[in-house]
Amino acid sequence: MIRKKKPIANGNDKIQFKRLKTEIEAADAIVIGGGAGLSASAGFTYQGQRFQKHFREFEKKYGFHDMYSGGFYPYQTAEEYWAYWSRYIQINRYENATTLVYGMLLNLVKGKDYFVITTNVDHCFQKAGFDKKRLFYMQGDYGLFQCSKPCCQKTYDNKKWIDRMVEEQINMRIPTELIPKCPVCGRPMTMNLRTDDRFVEDAGWHHAALRYYDFIQRHKGLRILFLELGVGYNTPGIIKYSFWKMTAENPNAMYACINDGEAVYPQEIESQSICIDGDIGKILEEIDGRLTCNGCSDDGREKNDKARKAYQVKSIAS
Ligand SMILES: [Zn+2]
């Protein structure tokens, strides 16, 4: 029903940056939709150098060439499976982002009435200091385990388990006694990720869902900005299509999309759309005039990391 359109701006379009900044300032409320592209901009890439650094010997043994494929590999034993996944979770959930894109985003919306819905399961919003009560991680969290059946709607923080599995694995196998088991029924544990209908929606998930839908209800008809960042087409119904629909239903709403390669809007909401094609971190730097654009180049980015980090910490603390 909705036709897609070509992006209306590239990463250098100052007019669109200005429009977006104006909308952020003028909005009564902002709903941020965070997808995989946002974490990619934060340095969480799943192939290339980063894959090589952490999974070189897995590549040699199993023949996959990126972390995503490694997650689907049919490991013969639980010991091998958890050797892979514990490393994966440790670097993608417990390590910090290498760029400050989440911090910059927080600076942009700080003081505004905002809410975040995300399909990311890497905890980056929380690590950057976003208010937990304004977040809905609807697809789960790498940092939680659940029963594989599941026998009950409970989740468990997995940091201690993961750390031990990483530390004690030898030749890409964890010791058998470290295979995580459900404390209630003894079945194997699995990650709390929505991969099928066994996904556990625990109490925290339900509270977050309620807060999100309540936020949407309370701001119906108001000047609301739907800010979509790095959302692809794996599960477009959750954020993208729902943002398009809510924008179409509310003449006071605006839809903004920043995406590296897939920044599009449907024709039906053309006059309410701002689309910018490019790296989210670089574009946020442009929009937030307080941050210099020196960090836009890869060389400059490194040099400016320190300065920007200090800026970010100061901003979050204030
Ligand atoms: Zn169980």
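I looked up helix H10 (residues 240–249) and found Lys240, Phe243, Trp244 and Thr247 buried, where buried stands for 20 or more other C-beta atoms within 10 Å of a residue's own, exposed for 12 or fewer and partly exposed for anything in between, with C-beta atoms placed from the backbone. These four cover an arc of only 100 degrees around the axis, which puts them on the same side of H10; the arc is that of the directions from the helix axis to the C-beta atoms. The buried residues of H10 pack against strands E1 (29–34), E7 (224–229) and E8 (254–259), a contact being two C-beta atoms, placed from the backbone, within 7 Å.

The model is predicted, so local features are given only at pLDDT of at least 70 and side-chain atom pairs only at pLDDT 80 or more, whereas totals for chains, interfaces and linings use all residues. Residues are numbered from 1 along each chain as its sequence is written. I noted 12 helices and 9 strands in the chain, which are DSSP runs numbered from the N terminus (helices H or I of at least four residues, strands E of at least two). Of the 318 residues, 40% are buried, and among contacts with a separation of 6 or more, 68% are between residues 24 or more positions apart.

Which strands does E1 pair with in the parallel sense? E1 pairs with E7 over 6 bridges, in the parallel sense, and is joined to E2 by 5 bridges, also running parallel; pairing requires that DSSP finds at least two bridges between the strands. On the E7 side I found Leu225 as the bridge partner of Ile30, and on the E2 side Val116 stands opposite Ile32. Because 5 of the 6 residues of E1 are buried, this strand is largely enclosed by the rest of the structure. E8 and E9 pair in the parallel sense over 5 bridges, and there Ile258 has Ile276 as its bridge partner in E9. Both faces of E9 are covered, with Ser273, Cys275 and Asp277 buried on one side and Ile274 and Ile276 on the other.

Leaving out residues up to four places away in sequence, Val101 touches Leu38, Ser41, Ala42, Ile280, Gly281 and Leu284.

The peptide bond from Lys149 to Pro150 is cis, with omega near -10 degrees, and I located Pro150 in the loop between strand E4 (140–147) and strand E5 (156–157). His123, though not a glycine, has a positive phi of about 75 degrees; this residue lies in the loop between strand E2 (114–118) and helix H7 (124–128).
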